Amino acid sequence: MPELSRRNVFLGAFGLAGLAAVSACGGTTSGSTTAAAVHSAEATRRSAGQRVVTAELTPRPTTVDLGGPVVNTWAYGDSLPGPLLRARAGDLLRVQVDNQLPATSSVHWHGIALRNDMDGVPGVTQTPIKAGTSFTYDFTVPDPGTYFYHPHSGVQLDRGLYGALLVDEVADPGGYDVEWTVVLDDWVDGTGRTPEQILKGLTSATSGGTAGSGNDMGAMGGMDMGSGMGEGMTSPLLGGAGDIAYPHYLANGRVPAAPVTLTAKPGQRARLRLINAGSDTAFRVALGGHQLTVTHSDGFPVASVTTDALLIGMGERYDVLVTVGDGVFPLVALAEGKQGNALALVRSAAGTPPKASARPAELARKVTLSTDLRAADVVLLQTKGVDRTHDLVLSGSMAPYRWTLNGKTFPDTDPLQVEEGQRVRLRFQNMSMMFHPMHVHGHTFGLVKGGARKDTVIVRPMQTVEVDLDANNPGQWATHCHNVYHAETGMMTTLSYPS
Ligand code: C2O
Ligand code: CU
């Protein structure tokens with residue numbers, strides 16, 4: 001991925017002037033109490049001499065070569081993924097977004113505990129960025145880790161609009177020789193149907209279990225709607241694994257027939273950052289001939305665990321360490337419960353690359369999910385009594401296609417009321433037969449079991465997952481399923497501080 005030329009401006013006099021300059025809020029729905037609280041929360045993150053990292057993003061229609069298939073799509077510039085954004089914990093990130101799309105858009109900074117008015121959720125934290133206009137996001141990035149950015153507008157994420165956002169530690173302890181970032185995606189745009197048309201196809205099915213009849217989805221070869229509630233795409237690990245059979249699965253914008261190559265020398269340690277930017281697909285990831293040592297989940301350190309494979313839901317990220325063998329190896333991301341895979345190659349020597357359809361044995365060995373992990377001690381939430389518990393019952397139907405929280409669809413869902421200083425428990429109860437990766441903006445929660453710090457967690461069918469968070473970032477925070485089609489048809493609410 002191309003790295004944006006980055007200008008790190010050392011602002012010696014940032015201190016007081018900077019604090020005073022915490023800029024006007026772009027919020028539309030926040031009351032003035034919230035606005036004041038958001039400003040003072042941001043002021044505590046700023047510091048004298050804070051570095052400023054600037055970047056530009058240009059969402060626009062473009063043509064992208066996926067390594068064979070050439071598709072018309074929307075992307076940030078012409079690259080897929082979009083430009084890699086990189087800062088250091090504590091930096092101020094200032095990103096100008098020039099919207100050259102024929103539609104309104106927004107940019108959300110997934111996983112970052114930032115100031116609420118820069119969170120990029122139209123209708124909740126800002127007015128949408130109109131076609132032909134620009135908006136500058138300006139916020140401190142408090143925590144190191146692997147993050148990504150994407151629009152929070154309709155199903156635009158399912159086009160080519162996404163990119164990695166890496167936040168380095170101020171003093172990186174190292175422990176690796178090379179670093180690779182791999183962004184996974186499920187791809188349909190430009191192959192005969194747009195994500196908006198898919199959404200329309202899903203929501204126009206109004207009755208019966210055979211939602212595929214009555215529209216031409218079957219003919220596209222891109223949809224499996226015939227079996228209701230995702231029964232057609234199931235996985236022992238996840239139950240209902242998705243609603244859409246995509247024609248392509250990508251690693252760093254490439255189909256498996258033309259994979260990117262990640263290089264190292266034999267015996268080197270590589271830090272691999274994995275990001276699932278898919279819309280309806282979890283990936284089971286393994287590197288042929290290697291074990292993965294999981295070090296971070298959603299940017300935060302875990303007690304390291306060695307595994308053969310990892311299951312990554314939409315919106316989740318994992319950092320793993322691998323000791324690179326001698327040769328060429330397939331890094332395979334199986335579309336869990338679906339047909340197909342994404343692929344990248346790891347190369348440390350000459351040799352014939354593995355097939356695009358390679359299925360390393362590791363995929364079928366020990367598969368780790370976030371619920372198997374424990375937080376590293378340094379990021380364990382402090383032991384504290386729970387002040388407030390919110391239940392979220394996850395449910396839905398295929399016909400009509402709608403996904404609900406406590407039986408309601410956004411914006412009619414009940415906000416999750418919290419107050420600053422509270423320890424809040426969210427209890428996700430999945431009463432549907434499909435998995436949901438549940439994501440909370442602006443906060444990192446701790447899993448009650450195991451403590452792993454995360455912002456997105458897979459909740460399997462008929463499973464309950466409890467997470468705790470400290471309400472320490474005032475505002476209105478989108479809380480939703482990271483299946484973009486589920487979120488768009490209602491599976492969303494807000495974590496809501498008083499306004
Ligand atoms: Cu990534 Cu609200 O999402
Ligand atoms: Cu969902």
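This is a predicted model: local features need pLDDT of at least 70, side-chain atom pairs count only at pLDDT 80 or more; totals for chains, interfaces and linings use all residues.
Close-up 1. To find M431, look in the loop between β28 (423-430) and β29 (436-440). Together with M433 and M462, M431 makes up a nonpolar patch on the surface. The accessible area of these three residues together is about 320 Å².

**Close-up 2. The salt bridge of R86 and E179.** Here the closest N and O atoms of R86 and E179 are 2.9 Å apart. R86 sits in strand β5 (residues 85-88) and E179 in strand β11 (residues 178-187), so this pair links distant parts of the chain, 93 residues apart. Are the two partners buried or exposed? R86 is buried, at 14% relative accessible area, while E179 is partly exposed, at 26%. Both residues also belong to a network of salt bridges, whose other members are D168, R271, R273 and D319.

**Close-up 3. The salt bridge of R159 and D189.** In this view, the side chains of R159 and D189 meet at 3.5 Å, N to O. R159 and D189 are both buried.

**Close-up 4. The salt bridge of D391 and R427.** D391 and R427 bring their closest N and O atoms to 3.0 Å. D391 is partly exposed at 32% relative accessible area, and R427 is partly exposed at 27%. In the whole structure, a search finds 28 salt bridges.

**Close-up 5. The largest pocket.** This pocket holds about 370 Å³ of space. Its lining has 21 residues, and those closest to the centre are E169, P173, R271, H296 and P301. Which strands supply at least two lining residues each? They are β9 (145-150), β10 (163-168), β16 (269-276), β18 (292-297), β19 (300-307) and β21 (317-323). By class, the lining has eight nonpolar, six polar and seven charged residues.

**Close-up 6. The second largest pocket.** About 310 Å³ of space lies here. Among the 21 lining residues, H152, G154, A487, E488 and M492 are the closest to the centre. Two or more lining residues come from each of β34 (476-481) and α5 (484-488), with α5 giving the largest share, three residues. The lining has ten nonpolar, ten polar and one charged residues.

Methods: Residues are numbered from 1 along each chain as its sequence is written. Chains are lettered from A and ligands numbered from 1 in the order in which they are written. Side-chain values use heavy atoms; hydrogens and water are left out. On a 1 Å grid over the protein atoms alone, a cavity is a set of points where a 1.4 Å probe fits but cannot get out, and a pocket is an open set with protein on both sides within 12 Å along at least five of seven lines; lining residues have an atom within 4 Å of a point. Grid points are joined across faces, edges and corners, and a volume is the space filled by probe spheres set on the points. Helices (H or I, at least four residues) and strands (E, at least two) are DSSP runs, numbered from the N terminus. Ala, Val, Leu, Ile, Met, Phe, Trp, Tyr, Cys and Pro count as nonpolar, Asp, Glu, Lys and Arg as charged, and the others, Gly among them, as polar. Patches are made of residues with over 30% relative accessible area and no salt bridge: like charges are joined within 9 Å, nonpolar side chains (Val, Leu, Ile, Met, Phe, Trp, Tyr) within 5 Å. Accessible areas come from the Shrake-Rupley method with a 1.4 Å probe; for residues, only the protein chains shown count as cover. A salt bridge is a side-chain nitrogen of Lys or Arg within 4 Å of a carboxyl oxygen of Asp or Glu. Buried means under 20% relative accessible area, exposed over 50%, partly exposed in between (1.4 Å probe, protein chains only).
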